[in-house]
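Please consult the sequence and the 3D view while reading.

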Amino acid sequence: MEMINNLPDPVNFRKDEIITMLLKEEYGFLPARPYSVTATVEQNDNNFAAGKASLKKISLCCKGEWGEFTFPVYYAAPKIGTSIPCFIHLNFRDLIPDKYQPTEEIIDNGYAILTVYYQDITADNDDFTDKFAGVVYPDGVRENDDCGKIGLWAWSAMAVMDYALTLPELDHKKISVAGHSRLGKTALLAGALDKRFYCAFSNDSGCSGAALARETTGETIKNICTTFPYWFCENYKKYQENVESLPFDQHWLIAANAPHKVYVASAAEDGWACPKNEYLACVAADGYYKKLGKEGFVHPDRLPTVGDRFHEGDIGYHMRSGTHFFGREDWHNYISYINQDD
Ligand code: GTR
């Protein structure tokens with residue numbers, strides 16, 4: 001199978017070296033983790049989804065070396081006892097259900113779901129005084145390797161993980177993080193930084209997510225640094241004119257999820273995310289998983305076509321028909337990927 005030229009191989013690097021590289025040059029270093037996370041139930045609907053589930057709105061109060069920050073989390077859980085697997089979903093809206101989160105179906109499959117509306121953490125713009133950004137950057141100014149908005153959103157997924165691990169009804173070994181597009185990039189980063197996740201699900205994450213930057217036919221580093229510079233650290237701009245000077249590529253982010261599982265979902269008509277490069281990134285991350293004694297990416301020796309799903313390895317993958325979207329087919333694939341491990 002054709003491969004991208006001049007791809008730096010992560011295989012000779014330690015995980016901490018890979019992560020330092022990604023943070024210093026792309027996403028920026030994140031604020032310290034909270035030293036305490038306290039939950040307050042604000043609303044409780046015990047009759048959600050025809051009474052099959054409960055839906056709570058919770059305030060999570062996080063305290064850390066930067067001060068204090070409180071944000072809302074939505075928690076839907078089926079009433080099925082204990083050992084419930086769970087998703088932490090970073091979503092574009094605070095709606096339950098939502099077009100990107102078919103909550104009743106997720107519950108009917110025996111899963112709980114904790115949802116964060118990403119702009120409750122910090123606004124999706126260049127205002128670094130907004131919400132949590134304002135807590136960690138009181139004057140709204142960042143150093144060149146301080147994290148951008150993706151790093152702050154990823155931080156919140158890890159804080160929600162702290163909370164999830166206090167819930168006795170959940171299977172603490174089966175808590176995954178999931179997100180679509182910019183939040184798929186975020187899910188991959190959270191997965192790389194937090195070994196407690198079972199799997200990081202990246203849905204159509206594209207440029208600066210799962211897709212290799214070199215030889216992309218979709219969005220480039222220059223495109224993304226022009227439109228969304230605040231998602232990343234300032235250092236990332238160094239590479240916008242010369243992708244070949246990038247000392248890594250996005251397969252390093254996938255590899256950094258090892259040894260836990262990672263999953264890349266693509267949509268055939270999502271050209272801006274460059275599905276081919278999302279796939280080739282999985283292929284290129286395989287060696288790192290294997291080095292750690294994991295299964296890696298089990299796939300045929302060809303490019304993917306619509307309907308392919310490669311669920312055998314620790315790097316899961318599917319390619320569905322259609323456009324840029326986080327839909328039922330994606331969720332069902334994620335659930336069956338996790339369920340095969342029972
Ligand atoms: C696009 C952006 C992509 C992707 C997408 C999204 O405009 O260029 O990188 O993140 O937004 O998040 O919906």
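## Helix 6

Helix 6 covers residues 182-193, and its 12 residues reach 17 Å from the first C-alpha to the last. This is close to the 16 Å expected at 1.5 Å a residue, the expected span being 1.5 Å times one less than the number of residues. Helices (H or I, at least four residues) and strands (E, at least two) are DSSP runs numbered from the N terminus.

This is a predicted model, in which local features need pLDDT of at least 70 and side-chain atom pairs count only at pLDDT 80 or more, while totals for chains, interfaces and linings use all residues. Residues are numbered from 1 along each chain as its sequence is written, and side-chain values use heavy atoms, leaving out hydrogens and water.

An open sheet of 10 strands has mixed pairing and the order 1-2-3-5-4-6-7-8-10-9. Its edge strands, strand 1 (36-47) and strand 9 (309-310), each pair on one side only; two strands pair if DSSP finds at least two bridges between them.

Strand 3 (residues 67-78) and strand 5 (residues 112-117) run antiparallel and are joined by three bridges. Tyr74 stands opposite Thr115 in strand 5.

## Around the ligand

The residues around the ligand (a heavy atom within 4 Å) include Arg182, Lys185, Glu219 and Trp272. An oxygen atom of the ligand is 2.5 Å from an N or O atom in the side chain of Arg182. For the side chain of Glu219, the corresponding distance is 2.5 Å, and for that of Trp272 it is 2.8 Å.

Key: A polar contact is a pair of N or O atoms within 3.5 Å; within protein, one must be able to donate a hydrogen and the other to accept it, and residues adjacent in sequence count only if both atoms are side-chain atoms.
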